[in-house]
Amino acid sequence: MKFHRILLLICLPALPLSADPVEPNAKKPLKALLITGGCCHDYEFQSKALTLASAAKADIDWTVVNEGGKGSKGQIKLYDDPNWAKPYDVVVHNECFANTKDLSYIQKIVNGHKDGTPAVVIHCAMHTYRALETDDWRKFLGVTSKHHEHQSNYPVKTQKKDHPIMKGVPANWITPKDELYIIEKVWPNTTVLATSKSEKTKKSQPVIWTNDYNGTRVFGTTYGHTNETFSDVTFLDLVTRGILWSAGRLE
Ligand SMILES: [Zn+2]
C-alpha cells in the first residue's frame with residue numbers, strides 16, 4: 001500500500017501538464033476584414049460604427065482597409081495579393097467604385113471568395129464595379145442592381161422569419177432615411193430574407209438576402225447609405241448577425 005501511495009504522489013502533479021488547457025468549445029476571435037472607400041458615403045463614420053457595434057456583441061478582431069479615395073473610380077492594393085482573403089474568417093465589402101471596370105482586378109477580388117472566404121456585402125457594394133459588363137461581381141453578390149430610388153424611411157418586410165439572421169429584426173422595422181436599390185435580377189443561389197416596397201412603383205425589392213457562391217456564404221443588404229442607418233441598432237445588429245452567420249458562427 002505504501003508503494004502505491006508513493007506512486008500516486010509522483011504521478012498526480014504531472015496530470016495538469018498533459019491535460020489540454022483549452023476548453024474544447026472555446027472559439028478564437030473571428031478575424032474580420034472590412035474593405036471600404038470610394039464615392040458618396042461617410043466611410044470613416046460607417047467603419048467606426050460597424051466595428052464598434054459588432055465587437056460589442058461578438059468576439060471579433062477587426063482589420064479595416066479604407067483606400068481608393070472618394071471618387072467613383074479607384075483600386076485597392078490589397079487585392080493584388082492572390083492570397084489576400086486567406087487570413088480572414090469573413091470579409092465585409094462596403095466599397096463604392098462604380099466606374100472601376102477592370103475585369104482582371106475584379107476577378108482577383110471574387111477569387112478570394114471562390115477560394116472559400118465568406119463575405120458580407122453592404123449598400124454600394126451592389127453598385128461598385130457597376131460599369132463592368134460581365135456578371136463576375138454580380139454573381140458573387142447574388143443580385144444585380146444598377147440604380148436606386150430616392151431616400152425615404154422604408155418599411156422592411158421579413159420574408160424568412162426563421163432564418164437566424166432575421167431573428168431580432170422587429171416585424172415593424174422602418175429604416176432611417178436610406179436609398180432603395182432596384183434589383184433587376186436575383187441570381188439562382190440567392191435566398192431573399194426581406195423586401196421593401198418602392199414608393200414609386202409599389203414593387204417589392206429584395207433588401208436583405210443570402211447567396212451561396214460556389215459553396216461560400218455571402219450575406220447582403222442594400223441599406224447603408226446614411227450615417228443614421230449606421231447609427232440604427234436594428235441595422236447594426238442585423239449586419240453583425242450577417243457577419244457571424246456567413247462565417248459559420250450563427251446557426
Ligand atoms: Zn448610397
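Contact here means heavy atoms within 4.5 Å, and the exercises below apply this and related criteria to a predicted model.

**Exercise 1. Describe the surroundings of Gln46: where does this residue lie, is it buried or exposed, and which residues does it touch beyond four places away in sequence?**

Solution. Begin with the secondary structure, where Gln46 is found in helix α3, which covers residues 43-57. Next, take the accessibility: the relative value for Gln46 is 1%, and because buried means under 20%, Gln46 counts as buried. Finally, leaving out residues up to four places away in sequence, the contacts of Gln46 are His41, Asn94, Gly224, His225, Thr226, Asn227 and Phe230.

**Exercise 2. Determine how many disulfides there are, how the bonded cysteines pair, and which handedness each link has.**

Solution. The criterion is a pair of cysteine sulfur atoms within 2.5 Å, and by this rule there are two disulfides. In one of them, Cys39 and Cys40 are joined with their sulfur atoms 1.8 Å apart; the torsion about this S-S bond is about 55°, so the link is right-handed. Cys39 is buried, at a relative accessible area of 18%, whereas Cys40, at 52%, is exposed.

The sulfur atoms of Cys96 and Cys124 are 2.0 Å apart, and these residues also form a disulfide, which is right-handed with 45° about the S-S bond. Since Cys96 belongs to strand β3 (residues 90-96) and Cys124 to the loop between β4 (119-122) and α5 (136-141), the pair ties together parts that are 28 residues apart in sequence. Both Cys96 and Cys124 are buried. With the bonded cysteines of the chain numbered in sequence order, the pairing reads 1-2, 3-4.

**Exercise 3. Classify the aromatic pairs Tyr79 with Trp84 and Tyr129 with Trp137, and state which cluster the ring pairs build.**

Solution. A search of the whole structure gives eight aromatic pairs. For Tyr79 and Trp84 the distance is 4.8 Å centre to centre and the planes make 80°, an edge-to-face arrangement; both residues are buried. For Tyr129 and Trp137 the ring centres are 4.9 Å apart with the planes at 90°, so this pair is edge-to-face. Tyr129 is buried at 0% relative accessibility, and Trp137 is buried at 1%.

**Exercise 4. Over which rings do the charged ends of Lys185 and Arg217 sit?**

Solution. The charged end of Lys185 is placed over the ring of Trp187, 3.6 Å from its centre. For Arg217, the charged end sits over the ring of Trp245, with 4.2 Å to the ring centre.

Methods: Residues are numbered from 1 along each chain as its sequence is written. This is a predicted model: local features need pLDDT of at least 70, side-chain atom pairs count only at pLDDT 80 or more; totals for chains, interfaces and linings use all residues. Side-chain values use heavy atoms; hydrogens and water are left out. Buried means under 20% relative accessible area, exposed over 50%, partly exposed in between (1.4 Å probe, protein chains only). Helices (H or I, at least four residues) and strands (E, at least two) are DSSP runs, numbered from the N terminus. Rings of Phe, Tyr and Trp (its six-membered ring) pair if their centres lie within 6.5 Å; planes under 30 degrees apart count as stacked, over 60 as edge-to-face and the rest as tilted. A charge sits over a ring if NZ of Lys or CZ of Arg is within 6 Å of the ring centre and within 35 degrees of the ring normal.
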